[in-house]
Amino acid sequence: MIRVRDLNFTYSKTKKKAVHDMNFDIHEGEIFGFLGPNGAGKTTTQRLIIGLLRNYSGNIEVLGKERNQWGKDFYEQIGVAFDFPNLYAKLTAKENLQLIGAYYKNFIGNPDALLDQVGLLADKDVRVENFSKGMKMRLNFIRSIMHNPDLLFFDEPTSGLDPVNSHIIKEIILQQKKNNKTIFLTTHNMTVAEQLCDRVAFIVEGKIVVTGSPKDLMIEHGKRIVKVEFQKNGKLVGQDFDLQSIGSNRAFMDVLKSGNVKTIHSCEASLEDIFIKLTGRNLV
Amino acid sequence: MLQLIHFKNDARQIMRDPIMTMLLFAPLLLLIVFKLLVLLLPPFLNAKFGFDVAPYNPYILSFVLIVNSGMLGIVTGFMMLDERDGKIAELMEITPLGKSGYLVNRLSFTSILSFIYAFTGIYFLNLLELPLFSIALLSLLAAVYTAIMGLLLVTWADDKVKGLTLAKGLNVLVLFAFTDLFSLNWLTCLSWFFPPHWITAMIKSPWHLPGIAAALLVHLGWLSMLIIGYWRRAA
Amino acid sequence: MRLLHAIWADIRFQIKQGFYLVYVIITLMYLVILSFIPQDLLPVVLPVVVFTDPSVLGLFFIGGIILLEKVQGVLMVVVVSPLRTVEYILSKVVSLGILSLLAAFVISFFSSHEAINWLLLLLATILTSGIFTMSGIMINAGCETVNQYMLKTIPYMLLFVLPCFSLIGFPYSWLFTVVPSVAALRLMMGAYQAIPWYEAVSLVVYLAGTNYLFFRLTVRVFENKIVYKD
């Protein structure tokens, strides 16, 4: 779907080199997460692929063609949801969808089903200026998929949303994946990345430092031990056991048999740990 | 509510934003242009068409005063509309300044400027001999008119495009300064309800007390109605 | 098809924002004023009124329209939709041109001046309106606030307006006709006064060419400063 080779980009105004020798592939039907701190170059890379920035060096092959060979037809096949709702405040939810939808050949025509999916059907005739942030984000989100695009770009799709609203959005993203859509997601929300992404890439200062599936990364960067907490002489004590030989570890078996075990944890790293380890800074 | 520090801040903000500085000097520029026109045009019209401008001097002065103070009001209005679109207004409202403080702050600054420009403008253009008392009163009304225009824009427009539409529509108000030239009954009666009519009336007869009373009444009436409207919207 | 949708959306937006209502009021105001102008001055006053207000309304409004689209973020959405920049700009020019045309026609129709060349009025209004709306888009490209836009407009306005005084007539004043606004005003005058056919044709051709050049330039400025911010 997307094949990026030796991508470099410098902003002409500030001379800031935002993207350094970037290489990655995104396959059809996968959710690919771009993770990294603010200002690492996530959005710049996304904008290069979408075509909002030009004058890059290297290759961006997307939907089978070099990005700068594409004309405006490219936008028939992609859907973009920016990180804040871009909507006409004076128009109703349905009018918003129909207005922008009219620019696409593939527009589904009647957006009611989509509105229903995100729980906005009852409010379809309400002006967007009266919407809450969550409602606007949901509307903004379905606006990006209403022309049935093959490739989707989401920038912080759940930022500023409560758990219910972000659950709705995540469900639809997974639904899109089921329909074999390819999804490029940028976020610094590690939970979202862990729940949704097939593969993630960590970006630090314009470079990709690690790529892989969240599960693999978590195991690779974790410790191969089990932490056990148990009651001993009326006190809670903790002990670590090596995973490699755990089946034949006497001490471990004794603890299990004692019936005093309170908690058992394997120690794979969370994406958050990996993030901090790789970027050398805390999440913002 | 009117504290020196707010004025200082406002002045600082305006001086640091070159655009705002230039807009504040725009009325001065406009005054100079009018002065040139007043100096150069009448002799030309007289020589070429035998047209005497002098009888229309009160209308010209009225026009300059209204355009100048109206422009300052509209600039303030747009400043507030831009701040609303950019969510800065919300930020101001939750500072100790508060919503009313924000409004007073924004409007009083330009109103005072409007007063100064009107006062000096009347002397500078030197179109008519007016008693100091009228000059002071006219300048005060110019300041009120500036506040009225600013308030009209913020209360009636909810975004900058509506603001532009409104500003366009408000141009029509200038017409009411000339209504007694047209001697159309319905138009004259209509114009009684609008400030510009009374500015012309006051310039034409500075000592006509009912005229002065009506001018004050109409100006302050508009101002208080708009302030009440602003509070209603805020509540 | 996309273009028609865009134009229709723009017109609906303009109606909602009260453009048409405000022009009803302004037109009435002009009609009141015009009814006091002596009949023999109308061939001069009418074109000046139509030229200075309805024809240039695009310059006044377009700044606010694009700024609002920028602030609400919908401009970004339009940029990543299949709508071409060319179509986006045409849609703005055409929708505002329609309002210009309506106001110009109503003012002329209800004035007491009779000898009006409607075809010339149509062409003059459309061509003038286009030039000013597109100038507005170009001036707007680097602006953040309405006040900024209005201030930036002043020098350009002076460039357009001052040469218009050449129509008063002095030796070689016809040379100023190369300034598009002067050509436009001459054509507008022609709609209300007698004008030789060859002069009208050459003015129309010249203004159409200017519109085309402005259009190409506007597309480029818009793409460089608003679409691509690299």
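Chain C brings 25 residues to the contact and chain A brings 32 residues, where contact means heavy atoms within 4.5 Å.

The rule finds three salt bridges across the interface of chain C and chain A; a salt bridge is a side-chain nitrogen of Lys or Arg within 4 Å of a carboxyl oxygen of Asp or Glu. Lys16(C) and Glu95(A) form a salt bridge through their side chains, at 3.6 Å from N to O. On the side of chain C that touches chain A, two or more residues come from each of helix H1 (2-16), helix H4 (57-72), helix H5 (74-79) and helix H10 (197-227) of chain C. Helices (H or I, at least four residues) and strands (E, at least two) are DSSP runs, numbered from the N terminus. Sorted by class, this side of chain C holds 12 nonpolar, seven polar and six charged residues. Here Ala, Val, Leu, Ile, Met, Phe, Trp, Tyr, Cys and Pro count as nonpolar, Asp, Glu, Lys and Arg as charged, and the others, Gly among them, as polar.

## Cavities

Spaces are found on a 1 Å grid over the protein atoms alone: a cavity is a set of points where a 1.4 Å probe fits but cannot get out, and lining residues have an atom within 4 Å of a point. Grid points are joined across faces, edges and corners, and a volume is the space filled by probe spheres set on the points. The count is eight cavities of 30 Å³ or more.

The largest cavity holds about 170 Å³. It is lined by 16 residues, and Tyr88(A), Leu99(A), Ala9(C), Asp10(C) and Phe13(C) are the closest to its centre. H1(C) gives the most to this lining, with six residues. The lining of the largest cavity has 10 nonpolar residues, one polar and five charged.

The second largest cavity has a volume of about 80 Å³. Among its 14 lining residues, Val64(B), Leu65(B), Asn68(B), Tyr117(B) and Ala118(B) lie nearest the centre. Helix H3 (57-85) and helix H5 (98-125) of chain B each give two or more residues to this lining. Its classes are 10 nonpolar, four polar and no charged residues.

## The second largest pocket

A pocket is an open set of points with protein on both sides within 12 Å along at least five of seven lines. The second largest pocket contains about 940 Å³ of space. Of the 30 residues that line this pocket, Ala89(A), Arg84(B), Asp85(B), Lys87(B) and Glu90(B) lie nearest its centre. By class, the lining of the second largest pocket has 14 nonpolar, three polar and 13 charged residues.

## Salt bridges over all chains

Side chains of opposite charge can pair when their charged atoms come close. Over all chains, the structure holds 21 salt bridges. One of them joins Glu61(A) to Arg3(A), with the closest N and O atoms 3.9 Å apart. Glu61(A) belongs to strand E4 (residues 57-62) of chain A and Arg3(A) to strand E1 (residues 2-10) of chain A, so this pair ties together parts that are 58 residues apart in sequence.

## Conventions

Residues are numbered from 1 along each chain as its sequence is written, chains are lettered from A and ligands numbered from 1 in the order in which they are written, and side-chain values use heavy atoms, with hydrogens and water left out. As the model is predicted, local features need pLDDT of at least 70 and side-chain atom pairs count only at pLDDT 80 or more, while totals for chains, interfaces and linings use all residues.
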